[in-house]
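Biologist: I'd like a close look at one helix pair. Please walk me through it.

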Amino acid sequence: MLVSRRSFVKGAVAAGAATLAPRAEAHEAVEPLPDAVGMLYDSTRCVGCRACVAACKEANHLPADPSEFGPDHPEGPADLSATAKTVVQTRAAGGSEAFVKRQCMHCVDPACVSACMLGALHKEGRGKRDTGGEVQGTGVVLYDPSLCVGCRYCQIACAYVAPRFEWRKAFPRIVKCELCHGRRGPSKGDAYAVANPACCEVCPAGAVIFGYRSALLAEARRRQAEEPARYAPKIFGEVDGGGTQVLYLAGAGVSFKELGFPDLPRESYARLSERVSHAPYLEGLTPVALYAAAAFVIRRQRAAGSHREENPEEER
Amino acid sequence: MRAQAHPRTVGGPLFDRTVIALLATFAVAAAVIAYRFKAGIGAVSNMNDGFSWGIWEPVNVVVFTGVGAGAYAVGLLCYLLNRGEYHALVRPAVLLGAIAYALGGTSVLIALGRYWNLYWLVLPGMWNLSSVLLEVALCVMTYVAVLWIEILPAVFDRAAQSASAKRAAWGRRWGARFGRAMPYIIASAMVLPTMHQSSLGGLLLLAGSKVHPLWHTPLLPLLALVSCLSMGFGAVVVLTSILRFTWSARHDQELLARMSKVNGGLLLVFVALRMGDLALHGKLRLLLVPDYHLALFAVEMILFLVPAGMFFSHRVERKERLLFRAALATVLAGALWRVDAFITCFDPGARWHYRPAFGEIAVTVGMAALGAAVFILISRRFPVVALEEAHLSAAAPPAPRPNLLRSPFGASPGGSAVRHGHYVRLRHLAFAVVHRDGERLPDGAKARWLRIPGLVFFLGLPLVGGLYVLLLPVVLLTTALSAILTGLLGVTRRAFVYLTAVLTPPWAPGRAHLAGTPGSEEEAALDEARRDGHLDALGEELERERRRRLGGR
């Protein structure tokens, strides 16, 4: 989603006009967008073949580091990195081992989007800019390198440490899963018109599937209801940290902590942060009022002070 | 503004030994910075995706600007609360602030990965108003400019004192014009720090799952604001003391002590807010978990409470050296709180480790050195520091300089007559109590006795003792246990892996395997069947999925 400069500047001007109008955007609890797309990963179905990891590298033109990927390294890369937007980890869980696929969770209310100064990381359909060619309302967290200053606040903010940084490059970028937004096919219809993750396409076991978040959530619930003995009762991402668009099912007896997920409250940290930091500003009124009051007080005291300066004995 | 309080140029050679040493330190940093722009941030630092800010952001920005908040703190007192007597402190504080903030801003530029995109920041349309960092960036950028504008009167003053009549007239004219605009500039210098200093604390609100709960609270912005004021007051006292002992700057002990009482109040407010917040959020039980978080918390609390107590003591009020130390402690307290929240008590996950690399430390230290050098150079040529009248006549002998950094324990040889108090001989761990002034210490002249300051003795010992009792058994036990256990586990695991590898040749350790390893033949057969069933189910699933997708298109 490289944006042409022209549409970009147009967007900038429009948004600039929008900021002049008072923004009554109190940050309410964010609900998932109706057309939100995502993935459902079922840890009990994953066979650990890492076909998704290879497909992801191919689809995103990421180099395959021979030291971490190839026939001699069936485990593939151990963790997300600037050259791996998704990995499958083997973790000790529930008294045995379990696979877990990692990638950006595409949060319902993402901390990285709240953090990003210029909106380089933005949620499709939720940003205030209309970036050319983006289908609205999918909620995919997209990255626009032309707006990124490389401050890495997104990495500090992300509870899953999903965004990765090209540490060894003079002109680095942030690397993270964008749900193969670039592979979308408008003619394909359905959710495939907005994104088409390569990992879901190649998974031989159906362990990771792509679709609308609402459908995936229903599917996850159906699987749990059908085989309650097979699954842990929780669906990670349903409400965690305000919810995510990538949902996770784990095997019975496996806790998501063991799979490496953080323990998150229901309220997203983005909401907490914006609630706490915005509140004292009163829509920008406080700084103006403070400035006016300070200028008034200082000016008056200056005037009084210059009287005193003429006969300094009075002072102190 | 009394006549003798008016700032003067310090004069003297520009590049003396101190300045050259400071600039040489910065040269190392400059080399590291140059290499960073060529080879990337990872080439000079140990920063990683978990600790993506390393020490540059937390120290160079958050701590430096905390020190630079002296301009804000003194400005609040002097201008808003109309305490004109603090005016002599304003110019050095503003210069310190301008330098600290400029260095913080420069450090950001170095730390930014894609700095060339920074120009978008000037377009309001591009702003993401939810971003706390945006608020910090814009405010800090504006405030750096405001601070340097606040320095301008020094430049006009200097021109007004110039020998050339034309320049002097220019300086006087513009100085007067500028004086009329000053209230509006100062007002913004009061508002901007209020905004960004609180936001600097607010940066971590987003990282709620990573920051230890003893540090993460919705009060972070308020705590950061209170603590930056206290750091600022502390930094001004430290700076004034250093200026006095190096350039015999004018130094009003009574004034500094009075200002420090405000600081003491702020320190107490900080502690009260923090403890109240812990109690309110039911986090007090965390104070019973003996780990390094608690140890750091305890050290912070000591650093906050001890200077607060000292500022209200009559002895400290009179003693320059004690006041200096207490002020230094407040700066350290604020710095430690910031570093803890951003680095030491920041935990992005078990697999992330971070220790600053030489390059990072070199840049941080080099930046601080550059700041000191710039301060010296500017005060030598521009009227910033208010000097004692005595200093201005060349014949006057330099004022006596108490050694600020001498050990607070003050060593004295055995047998000498000393002040009353508690003494310790570290080599032999011997203690002695001297009851009256002038009594002699025991042991021969070779023995070195250290005096334990009363306050440290009474406050520190119970605390240290308590911590010792609380932590030591736990630390010892866990270290011993974990050492034994990891050793045992490692040996057993390795033996087990080798043994299985030998006994079951087809099973390769480390390969992806479906579910466990077959034990006996019976179990293997059973497992085989189970797996077949599983595969059948998978096949069905795949077919279903494929049909669904094909139908979907």
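Which residues in H2(B) meet which residues in H4(B)?

Modeller: This is a predicted model: local features need pLDDT of at least 70, side-chain atom pairs count only at pLDDT 80 or more, and totals for chains, interfaces and linings use all residues. Residues are numbered from 1 along each chain as its sequence is written, while chains are lettered from A and ligands numbered from 1 in the order in which they are written.

From H2(B), Trp56(B), Glu57(B), Asn60(B), Val61(B), Phe64(B), Thr65(B), Val67(B) and Gly68(B) take part. Their partners in H4(B) are Leu96(B), Gly97(B), Ala100(B), Tyr101(B), Leu103(B), Gly104(B), Ser107(B), Val108(B) and Ala111(B). Contact means C-beta atoms, placed from the backbone, within 7 Å. By class, this contact has 10 nonpolar, 6 polar and 1 charged residues. Nonpolar covers Ala, Val, Leu, Ile, Met, Phe, Trp, Tyr, Cys and Pro; charged covers Asp, Glu, Lys and Arg; the others, Gly among them, are polar.

Now the geometry. H2 spans residues 56-68 of chain B, and H4 spans residues 87-111 of chain B. Helices here are DSSP runs (H or I, at least four residues), numbered from the N terminus. The two pack at an angle of about 165°, with axes 8 Å apart. Axes are lines fitted to C-alpha atoms over the stretch in contact, and angles run from 0 to 180 degrees between N-to-C directions. That angle makes H2(B) roughly antiparallel to H4(B), a term for angles over 145 degrees. Their crossing is left-handed: the near helix is turned anticlockwise from the far one by less than a right angle.

Next, the chain contact. 70 residues of chain B are in contact with 70 residues of chain A. H6(B) gives the most to the chain B side, with 11 residues.

Terms used
Parallel < 35°, antiparallel > 145°, perpendicular 65-115°, else oblique. Contact = placed C-beta atoms within 7 Å.
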